[in-house]
Amino acid sequence: SQRSVSENVPFNRLYEVGPTYSQPIELGGKRRLRTEVADLGVSRAEAELADVLRQRMTEIKRAFYEAALARQALEIVIEQRSYFDDLVKFNQVRLEEGAISGSELLKVKLERVKFVSAVAQAQLAARQAGIKLLELLGETNLETPVTIGGELGSAPVVVHLASLKQKALSNRPDLQAAERGAALAERRIALEKARGIPDITPFAGYKRVGVDNTLLFGVTIPLRINNKNQGEIARAVADEKVAETEVALARNRVLAEVESAYRAYETARAQVGTFQRELLAQADESREMAQFAYREGATDLLPLLEAQRTRTDIRQQYLRTLFDYQVSILLLEAAIGGEIKP
C-alpha cells in the first residue's frame, strides 16, 4: 500500500528558505554607450538653447536700433517744426512791414501744421518702439520711460566673406546642434547593437530545506535566438540618415545666411557712403541757397518750401540707411554666431 508524504516525512523537512544575490553583468559596453548617448543628448540640448538665445539677442538688438531710429526721426521733425516756427515769426514781421501778403504767411503756417502732426506721429512711433524693447527685455512695467542714447553709427567694419563663412561653420549653435544630433544617432546605433548582446547574471545564495543547508552558485545566460534587437537597430540607422541630412541642410542654410547678410552689408555700406559724400551736403546747400534768396526777396516761398522738403526727405532717407546698415551688421553677427568688431 502507498503512504502519503505527510506520513513518512516530518514537517520540519517540508519547508525551503534562503536568500539569493544576483548581479547582472552588461556585455558589449552598454553602460559606456548609454553614458555617451546621454552626454550627447545634453550637449545637443545646450546647443539648441544657445541658438534660441542667439535669435533672442538678435531680436533685442534690432528692437534697440528701431527705438534709436524712432528717436532720431523724432528729432528731425522737431527740428523742422522749429525751423517753420522761426519762418512764421520772420514772415509775421515782413507782413507787418508790408513786404509780403497775408496769403504767403498763411502758406508758411500751413506748412508748419504738417510738422506739428508729424511730431505727434513720431512721438507715438518712438513710444511704441520703446514698449517693444521693454517687452523683449522682459520688463513687466511697460510704462517705464525708455531713453535711448547715442546715434545710429556708420563706422565701417572689416569683414571678409570667406572668413565669415568659416566662423559661421565653427560657431553657429544650430549647426552644432545638428552635428551633435548626428553623433548622437551614431552612438545610438552602437548602443542598440550592444543591446542585442545578451548579458550574464552570476548569482550566489544560500538555501535551507528543512534541516539541510545548501550553498548556491551559478550564472544565468538568456538565449536570444530570434530576438537580437534588429528592429531598434534598424530604427537607429534610419534616424542616423535623417540626422546626417539635417546636418547638410543646416550647413547650407548657414552659408546662405552669411552670403545674404554680407551682400546686404555691402549694399548698405555703399548707400551710407553715397549720402555722406554727396546727398547730405547737396541738400543742405540747396536749402541754404533757397533760404538766402527768399529772405533777400529774390524768390517767392515755393522754392524754399521745395528745398526744405527735399532736405527733410534726404535726412530721413539717410537715417533709414543708417538703420539698414546697423541691421546688416547685426544680421552678419547673427549669421556667424559671434560679434563683429569695427
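# Reading a predicted helical chain

Author: The protein chain exposes about 20500 Å², and carbon and sulfur atoms supply 55% of that area. Accessible areas come from the Shrake-Rupley method with a 1.4 Å probe, and for residues only the protein chains shown count as cover.

Reader: What kind of model is this, and how are residues numbered?

Author: This is a predicted model, where local features need pLDDT of at least 70, side-chain atom pairs count only at pLDDT 80 or more, and totals for chains, interfaces and linings use all residues. Residues are numbered from 1 along each chain as its sequence is written, and side-chain values use heavy atoms, with hydrogens and water left out.

Reader: How many helices and strands does the protein chain have?

Author: Start with the rule. Helices (H or I, at least four residues) and strands (E, at least two) are DSSP runs, numbered from the N terminus. The protein chain has seven helices and four strands. From the N terminus on, their order is α-β-β-α-α-α-α-β-β-α-α.

Reader: What does the radius of gyration say about the protein chain?

Author: The radius is taken over C-alpha atoms, and the globule rule is 2.2 Å times the number of residues to the power 0.38. For 342 residues the rule gives 20 Å. The protein chain has 40 Å, well over that, so it is more spread out than a compact globule. Its C-alpha trace spans about 150 × 45 × 30 Å along the principal axes.

Reader: How do I read the span of helix α6?

Author: Compare the span with the expected one, which is 1.5 Å times one less than the number of residues. Helix α6 covers residues 230–295, 66 residues in total. From first C-alpha to last it reaches 93 Å, close to the expected 98 Å.

Reader: Where is the kink in α6 centred?

Author: The bend at a residue is the angle between axes fitted to the seven residues ending there and the seven starting there. In α6 the kink is centred on F275 and is about 45 degrees. After α6 comes G297, whose phi is positive, near 80 degrees.

Reader: Is Q80 buried or exposed?

Author: Use the cut-offs: buried means under 20% relative accessible area, exposed over 50%, partly exposed in between (1.4 Å probe, protein chains only). Q80 has a relative accessible area of 1%, so this residue is buried. Its place is in helix α2 (residues 30–97). Across the protein chain, buried residues make up 34% of the 342.

Reader: Which residues is Q80 in contact with?

Author: Contact means heavy atoms within 4.5 Å. Leaving aside neighbours within four places in sequence, Q80 is in contact with F115, Q308, R311, T312 and R315. For the protein chain, take contacts with a separation of 6 or more: residues 24 or more positions apart account for 81% of them.

Reader: How many residues are in the largest nonpolar core?

Author: First the general idea. In soluble globular proteins, nonpolar side chains tend to be buried together. A nonpolar core is a set of buried Ala, Val, Leu, Ile, Met, Phe, Trp, Tyr and Cys residues joined through side-chain atoms within 4.5 Å. Here the largest has 48 residues. Those with the most contacts inside it are L152, V159, L164, V258, Y265, L332 and I340. At least two residues of this core come from each of α2, α3 (102–136), α4 (161–171), α5 (173–195), α6 and α7 (301–336). Another core lies apart from it, with 13 residues, among them F115, A290, L304 and A307.

Reader: Which residues does V258 contact?

Author: Beyond its neighbours within four places in sequence, V258 is in contact with L161, L164, K165, A168, L332, A335 and I336.

Reader: Where is L133, and what is L133 in contact with?

Author: L133 is in helix α3. At 7% relative accessibility, L133 counts as buried. Leaving aside neighbours within four places in sequence, L133 is in contact with I60, A63, F64, V146 and I148. L133 and E59 are 74 residues apart in sequence and 9.1 Å apart in space, C-alpha to C-alpha.

Reader: Which residues is Q316 in contact with?

Author: Q316 is found in helix α7. Q316 is partly exposed, with a relative accessible area of 34%. Leaving aside neighbours within four places in sequence, Q316 is in contact with I76 and V77.
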